[in-house]
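Visitor: I am new to this structure and would like a short tour. Could you show it to me, please?

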Amino acid sequence: MDSVEDMGPVDYLVIEFPGNRLTGEALPLLVDLADRRVVRILDLAFLRKDADGSVSALELRDLGDEEADLTVFEGASSGLLDEGDLAEAGNALEPGNSAAVLVYENLWAAPLARALRRSGAELVASGRIPVQALLASLDAVEEPTPPDGSAAV
């Protein structure tokens, strides 16, 4: 792994698969992002939450179906994720579902991050706006057209 000073921002995702069904449709897109060096996969773990609420780690061979070739992700573990992280991710799941926990570096942003660090800049806040929240906000600001077609003043 590069030195921390050279790295881009690191994000994580917990992606839930209802009914433990992982089709593999998105996996080639993730591989493509990694191959094009847009992201670097630091950790990828899978877990399942049983009906009784217990959470267990899953092996790649226990996932997906015939269409989902997960072998490309074998060994994707930097050691950043620990048991506590996986337990916390499991808390976000509904019973009977499984999840992927993905930790990745945004390689596309590494040059910008390096330049900002060299200039003494510090990240003081960050966040992500879920698409659903964005759509809801956009819907809220759109003013409905009055029934007579006139513009609201």
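This is a predicted model: local features need pLDDT of at least 70, side-chain atom pairs count only at pLDDT 80 or more; totals for chains, interfaces and linings use all residues.

Guide: The conversation below goes through the fold, the cores, the salt bridges and the surface patches.

Visitor: Which residues form the largest nonpolar core?

Guide: That core has 12 residues, among them Phe17, Leu30, Ile41, Phe46, Leu102 and Tyr104. A nonpolar core is a set of buried Ala, Val, Leu, Ile, Met, Phe, Trp, Tyr and Cys residues joined through side-chain atoms within 4.5 Å. The elements giving two or more residues to this core are β2 and β4, and the largest share, 4 residues, comes from β2. There is also a second, separate core of 7 residues, including Leu47, Leu86, Ala99 and Val101.

Visitor: On to charges, then. How many salt bridges does the structure hold?

Guide: The structure holds 4 salt bridges, each a side-chain nitrogen of Lys or Arg within 4 Å of a carboxyl oxygen of Asp or Glu. One of them joins Arg40 to Glu105, with the closest N and O atoms 2.4 Å apart. Arg40 lies in strand β2 (residues 39-49) and Glu105 in strand β4 (residues 97-106), so this pair ties together parts that are 65 residues apart in sequence.

Visitor: Is Glu105 buried or exposed?

Guide: Glu105 is buried, its relative accessible area being 0%.

Visitor: Which residue forms a salt bridge with Asp11?

Guide: Arg128 does, with the closest N and O atoms 3.0 Å apart. Arg128 is in the loop between α3 (110-118) and α4 (131-141), and Asp11 is in strand β1 (residues 10-17), 117 residues away. Arg128 is exposed, with a relative accessible area of 54%. Another salt bridge joins Arg36 and Asp32 (2.9 Å, N to O).

Visitor: Now the surface. Which residues form the nonpolar patch?

Guide: Ile129, Val131, Leu134, Leu135, Leu138 and Val141 form it, with about 590 Å² of accessible area together. Accessible areas come from the Shrake-Rupley method with a 1.4 Å probe, and for residues only the protein chains shown count as cover. Patches are made of residues with over 30% relative accessible area and no salt bridge; like charges are joined within 9 Å, and nonpolar side chains (Val, Leu, Ile, Met, Phe, Trp, Tyr) within 5 Å. Leu138 lies in helix α4 and is partly exposed at 44%.

Visitor: Which residues gather in the patch of negative charge?

Guide: Asp82, Glu83, Asp85 and Glu88 gather there on the surface. Asp and Glu count as negative and Lys and Arg as positive, while His and the chain ends are not counted. The place of a charge is taken as NZ of Lys, CZ of Arg, CG of Asp or CD of Glu. Glu88 is found in helix α2 (residues 83-91) and is exposed, with a relative accessible area of 58%.

Key
Residues are numbered from 1 along each chain as its sequence is written. Side-chain values use heavy atoms; hydrogens and water are left out. Buried means under 20% relative accessible area, exposed over 50%, partly exposed in between (1.4 Å probe, protein chains only).
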